[in-house]
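Biologist: I would like to learn how to read helix packing and nonpolar cores. Can we work through an example?

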Amino acid sequence: MKKIKVSLKDRSYGIFIGRGALRELPRVIRRSGFRGPVVILTDPVVSSNTSRLVEPMLASLSRSHENLRITVPSSERSKSLAVYGDTVEKIARKTQGKKPLIVALGGGVVGDLAGFIAATFRRGVPFIQVPTTLLAQVDSSIGGKCGVDLLAAKNLIGAFYQPRAVIADVDILSSLPTRQVRNGMAEVVKYAVIKSPALFDMLEKDMPKVISLKGFHIEHVIYECAAIKARIVERDERDVQDVRIILNFGHTLGHAIETATSYSEAYNHGEAVALGMILAGDIALELGMISLSDLERIKNLIARAGLPTRITGVTPRKIMESMGFDKKFTSGANRLVLPCGIGSVKIIDDIPELLIKTVLRKYVRS
């Protein structure tokens, strides 16, 4: 078992990474001194696919705490005001006026929704992240960003609300379909590009072993990514120092692709972010910020992870419209995180729209 501490004064917490880490959950709750009911927020797919590991843990937890399970739909559409309101009503009824602890048992959607509920229900209740996807284990479960989507854009309503712990059980990843593993690899590639040439080199060498989820490779990757994010979050918890924003590499255009395709199955989050990284890289190339050889390495690694490198099913105009709603823009000016090389990125404001449109047209396949 590996542990990373996220040091945020009275909001500090531990990230537990390893095979069998799920067994830590009852112990973490007991050590916290919490005595109230525990609400497990999950979705039907996670509940079904992880029962072999989850049920023994819940049986252990039930010896010390009342626990209740609430399921939400298994899609990005669960991050909506409608599902948020319905879920809060259920929690209020089931806990009967008691202050619960919420456990997010699922991927990024469940984690974002659970965190936002925890931040707002009864003006704040404790919660624990138990991420069940690779993407959530390396990225979305860490750092306290939570929220829901509007039709206009992703995550326009949200909060910063830190969990009490993150428990990343590597064994639980074996339940994932291949597409979900590749989905998480987009965030892994992101961390390598923004901060770790060593991780990038390792991924170039061992990508098939990482995707297979076997051996020490996947644990090493999760640990490295989680450690990078923890250190960034410590320096800029609420994203106001222009430090944490580098975590948005690939996300501005990626979110626009997700929004433009109505959060459909056309592109999951990781696939959209992969495309966003390629687009950002090509914009950086046009601005003279990155060498062609480094851009090709990034594109080749994304392709080797089995992620898309071309956009279909949506027009450049629709993507540009969706990008205009991005919450990272200031005073109407766009703001993108662009790569300068392997392990280095810069924040660039007010990039000419014509340049962005030109690059989009290069990658949109009609």
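This is a predicted model: local features need pLDDT of at least 70, side-chain atom pairs count only at pLDDT 80 or more; totals for chains, interfaces and linings use all residues.

Biologist: Why is α13 called oblique to α14?

Modeller: Angles over 145 degrees count as roughly antiparallel, and 65 to 115 as roughly perpendicular. The crossing is at roughly 135°, so α13 is oblique to α14. The crossing is right-handed.

Biologist: Which residues make the contact between α13 and α14?

Modeller: From α13, Pro316, Ile319, Met320 and Met323. From α14, Glu353, Ile356, Lys357, Leu360 and Arg361. By class, that contact has 6 nonpolar, no polar and 3 charged residues.

Biologist: How do the axes of α7 and α8 cross?

Modeller: At roughly 160°, and they come within 8 Å. Angles over 145 degrees count as roughly antiparallel, so α7 and α8 are roughly antiparallel to each other. Their crossing is left-handed. Among the α7 residues in the contact are Val181, Met185 and Val189. The α8 side includes Leu199, Leu203 and Met207. The contact of α7 with α8 has 13 nonpolar, no polar and 2 charged residues.

Biologist: Now the cores. Which residues have the most contacts inside the largest nonpolar core?

Modeller: In soluble globular proteins, nonpolar side chains tend to be buried together. Here the largest nonpolar core has 107 residues. Ile128, Leu203 and Ile311 have the most contacts inside it. Ile311 touches residues including Ile257, Tyr267, Ile319 and Leu360. A second, separate core has 22 residues, among them Tyr84, Val88, Ala114 and Val148.

How values were computed. Residues are numbered from 1 along each chain as its sequence is written. Side-chain values use heavy atoms; hydrogens and water are left out. A nonpolar core is a set of buried Ala, Val, Leu, Ile, Met, Phe, Trp, Tyr and Cys residues joined through side-chain atoms within 4.5 Å. Buried means under 20% relative accessible area, exposed over 50%, partly exposed in between (1.4 Å probe, protein chains only). Contact means heavy atoms within 4.5 Å. Axes are lines fitted to C-alpha atoms, for helices over the stretch in contact, and angles run from 0 to 180 degrees between N-to-C directions. Helices (H or I, at least four residues) and strands (E, at least two) are DSSP runs, numbered from the N terminus. Angles under 35 degrees count as roughly parallel, over 145 as roughly antiparallel, 65 to 115 as roughly perpendicular and the rest as oblique. A crossing is left-handed if the near helix is turned anticlockwise from the far one by less than a right angle, and right-handed if clockwise. Ala, Val, Leu, Ile, Met, Phe, Trp, Tyr, Cys and Pro count as nonpolar, Asp, Glu, Lys and Arg as charged, and the others, Gly among them, as polar. Lists of a residue's contacts leave out its neighbours within four places in sequence.
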